[in-house]
Amino acid sequence: MSAIDLVMLGTASQREAARQLDVCNACRYCEGLCAVFPAMELRRSFAGGTVDYLANLCHNCGACFYDCQYAPPHEFAINIPPIMATLREESYARYVWPRSFAGFFERNGLWVVLASAVSLAAFICGFVAWNDPSALFGVHTGEGAFYRLMPHNSMVAIFGAAFLYAILAMIMSVRSFWQAAGPPLDLSLTDLWRAVRDAATLRYLDGGGMGCMNESERPEKDRRRLFHHFAFCGFLLCFASTSLGSIVSLWQDAPYPWWHPVVVLGTLGGIGLIIGPAGLLMQNARRDPAMTAANRTGMGAAFLWLLLTISITGLALLFLRETAAMGVLLAVHLGLVFALFLALPYGKFVHGIYRFAALVRHAAEQRAPHPASGGEAG
């Protein structure tokens with residue numbers, strides 16, 4: 001690697017990833033395991049945003065660690081999963097918008113806890129300020145019961161503004177990531193479709209067909225993939241429930257009966273967002289320490305716990321909405337949801353956006369392969 005390439009690599013993690021990928025590019029034993037190695041083979045150097053792109057293309061299946069003949073204790077010390085995990089988290093801060101918010105990724109677990117606590121306090125205090133405490137702890141039933149505690153228009157304004165800001169921040173950050181990943185590409189609908197298919201099926205979480213390695217070299221066929229699917233589908237169902245509820249609210253106020261599509265979608269989504277995050281937390285706790293990033297920010301765990309608590313409070317609200325616990329449960333649930341909206345551009349959620357962008361680029365490169373140079377440093 002030239003001196004110019006080393007200058008373009010701005011962090012120790014980028015330099016270490018480039019060193020390991022140079023060895024991998026000479027060996028190529030793992031080329032059939034996932035998308036990272038075919039993408040790597042199109043490159044002769046790994047400067048700037050190139051290693052960030054490859055890190056976000058990595059699904060952390062662990063197969064390359066156990067298959068590698070140069071893994072520790074070999075003197076080459078090739079261990080791709082932890083360095084890619086470190087780079088992924090660094091890349092979120094490197095391309096964040098606004099750039100001044102990069103610090104949120106350094107202590108992400110603490111940031112999510114603080115955002116949740118402040119949001120909870122704000123919503124509970126807001127409910128008490130809008131109504132007297134007896135209204136907060138009273139029993140409210142029938143259509144419009146929720147809005148006796150907080151007006152519908154206020155909910156729409158607060159959550160709508162937070163969600164639109166989160167969308168803007170994620171668009172701006174992934175735009176910077178895309179520009180740094182490499183030269184412009186001619187994209188086609190085929191590339192987008194392939195990326196959608198690969199993301200939806202988690203194609204590269206199978207270790208080249210054997211399954212994901214988590215605790216040891218023995219593959220755990222489809223276990224992590226299953227929990228990811230529960231979490232992802234649960235999130236989509238909850239989003240569909242919220243979107244449908246926004247439309248239905250034009251002529252009917254919440255809460256809705258048990259059989260209503262808004263409730264059915266939300267209930268199924270809530271169950272998925274309990275099974276998925278809980279399963280992933282257990283899988284992560286059992287992961288081989290040799291494949292775990294040394295400098296962990298708690299980003300993944302914080303996001304999973306946030307999803308889990310949102311789902312639990314949402315289902316509790318469904319079952320206890322006609323009791324005196326409804327007011328506090330609604331405040332807690334809305335506070336956690338608001339914290340999720342605040343954390344979307346500055347937490348683990350963005351890994352799905354970055355990974356999809358990486359899959360789109362990979363699909364385009366594989367369709368029209370050509371040697372690619374490293375992108376500019378983020």
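Ser 241 lies in helix H11, which covers residues 223-248 of this predicted model. With a relative accessibility of 9%, Ser 241 counts as buried, because burial requires a value under 20%. When neighbours within four places in sequence are left aside, Ser 241 is in contact with Val 262, Leu 265 and Gly 266.

The confidence of the prediction was examined next. The protein chain has an average pLDDT of 86, and 93% of the residues score at least 70.

The protein chain contains 15 helices and zero strands. Its radius of gyration is 23 Å, close to the 21 Å that the globule rule gives for 378 residues, so the chain is as compact as a globular protein of that length. The C-alpha trace spans about 70 × 40 × 40 Å along its principal axes. Of the 378 residues, 50% are buried.

In H14, 15 of the 18 residues are buried, so the helix is largely enclosed by the rest of the structure. Helix H15, formed by the 18 residues 350-367, should likewise span 26 Å, and its end C-alpha atoms are 26 Å apart, in agreement with the expectation. The buried residues of H15 include Val 350, Tyr 354, Arg 355, His 362, Ala 363 and Glu 365. Their cover includes helix H3 (36-41), helix H4 (49-57), helix H6 (80-94), helix H9 (152-181) and helix H10 (189-201).

Not counting residues up to four places away in sequence, Arg 194 touches Arg 203, Tyr 204, His 362, Ala 363 and Gln 366. By contrast, the C-alpha atoms of Arg 194 and Leu 320 are separated by 44 Å, the two residues being 126 residues apart along the chain.

The cysteines were then considered. A disulfide is a covalent bond between the sulfur atoms of two cysteines. The structure holds zero disulfides. Cys 64 is in no disulfide, and the nearest cysteine sulfur, that of Cys 30, lies 5.8 Å away. The distance cut-off for a disulfide is 2.5 Å. Cys 64 has a relative accessibility of 11% and therefore counts as buried. For Cys 233, the closest cysteine sulfur is that of Cys 238, at 11 Å, which is too far for a bond. Cys 233 counts as partly exposed because its relative accessibility is 39%.

Terms used:
Residues numbered from 1 in each chain as written. Predicted model: local features only at pLDDT ≥ 70, side-chain atom pairs only at ≥ 80, totals over all residues. Heavy atoms only, no water. Helix = DSSP H or I, 4+ residues; strand = E, 2+ residues; numbered from the N terminus. Expected span 1.5 Å × (residues − 1). Buried < 20%, exposed > 50% of the residue type's maximum accessible area, 1.4 Å probe, protein only. Contact = heavy atoms within 4.5 Å. pLDDT = per-residue confidence, 0-100. Rg over C-alpha atoms; globule rule 2.2 N^0.38 Å.
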